[in-house]
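Please consult the sequence and the structure shown here while reading.

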Amino acid sequence: MPDANLPDLSLPNVSEAELDIPDLARLGIPGASTHPPRILLLYGSLRERSYSRFLTLEAERILCRFGAETRVFDPRDLPVVDSVPADHPKVAELRELSLWSEGQVWCSPERHGAVTGVLKNQIDWLPLESRGVRPTQGRTLAVMQVSGGSQSFNAVNTLRLLGRWMRMVTIPNQSSVPKAYEEFDEAGRMKPGPLYDRVVDVMEELVKFTLLTRDISSHLTDRYSERKERAEKQAKADLAVLSGATS
């Protein structure tokens, strides 16, 4: 199910004969969840003609064709991190969408060799942990960037670093679109070509990795050090109870 603001789901640049829709049976996952993979998409620009938003919406169309359920977060009106309480409506919306998601797409323009503040602000509002819940841990992640000049990978490299910090499973493939102003038409649709095909590759891979990992993400992210810490806390609590009973 696409975002309500994306009425046009057509993919005129896709060769349907070569499109390989990810299939649970072919992935060999017995007893796997059968609901559509839930993907949250974030972009990093507030400009009216935002190429990172155009690329994100193109990715959403492809994800929908692959059978995913999608949500695109609108970063407008999201306050600067820590300037308001976490119960602010836009902050709450973003965190709820992250909890809802099983995979995410992060897309940023490259500005001064890095991701934009608009994209980083969204990530900074997502806590590593809140009341025992980690809203990003174990979720899959695809990273993309747009550039105004020649091809660069500074933004996607930074997004990979952030994804690792947020304990996400970042897929190997990625998309970097140089001279983005040449790659989209007046309606904001991406033109056919190798750069478009790469976006299809990335979204296909994201859906496959999400299907493979979503049912076992808690096992994949279960850590020895955390189990040990929980056991030590429980032992201390048991000792305190025992001491109180015998005093």
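Contact means heavy atoms within 4.5 Å. Helices (H or I, at least four residues) and strands (E, at least two) are DSSP runs, numbered from the N terminus.

## Basis of the model

This is a predicted model, in which local features need pLDDT of at least 70 and side-chain atom pairs count only at pLDDT 80 or more, while totals for chains, interfaces and linings use all residues. Residues are numbered from 1 along each chain as its sequence is written, and side-chain values use heavy atoms, with hydrogens and water left out.

Helix H2 comprises 15 residues and spans 21 Å from its first C-alpha to its last, close to the 21 Å expected at 1.5 Å a residue (the expected span is 1.5 Å times one less than the number of residues). Of these 15 residues, 13 are buried, and H2 is thus mostly covered (buried means under 20% relative accessible area, exposed over 50%, partly exposed in between, with a 1.4 Å probe and protein chains only). Gly-67, with a positive phi near 95°, follows H2.

H2 packs with H6 at an angle of about 55°, the axes being 9 Å apart; axes are lines fitted to C-alpha atoms, for helices over the stretch in contact, and angles run from 0 to 180 degrees between N-to-C directions. The two helices, H2 and H6, are therefore oblique to each other (angles under 35 degrees count as roughly parallel, over 145 as roughly antiparallel, 65 to 115 as roughly perpendicular and the rest as oblique). On the H2 side, Leu-55, Glu-58, Ala-59, Ile-62 and Leu-63 meet Tyr-196, Val-199, Val-200, Met-203, Leu-206 and Val-207 of H6.

## The aromatic cluster

Three aromatic pairs are found in a search of the whole structure. Rings of Phe, Tyr and Trp (its six-membered ring) pair if their centres lie within 6.5 Å; planes under 30 degrees apart count as stacked, over 60 as edge-to-face and the rest as tilted. Tyr-51 and Phe-184 form a tilted pair, with 5.8 Å centre to centre and 35° between the planes. Tyr-51 belongs to helix H2 (residues 51-65) and Phe-184 to the loop between strand E6 (175-177) and helix H6 (194-213), so this pair ties together parts 133 residues apart in sequence.

The ring centres of Phe-54 and Phe-184 are 5.8 Å apart and their planes lie at 45°, so this pair is tilted. Phe-54 is in H2 and Phe-184 in the loop between E6 and H6, so the pair ties together parts 130 residues apart in sequence. Phe-54 is buried, at 9% relative accessible area, and Phe-184 counts as buried at 3%. Tyr-51, Phe-54 and Phe-184 form one aromatic cluster.
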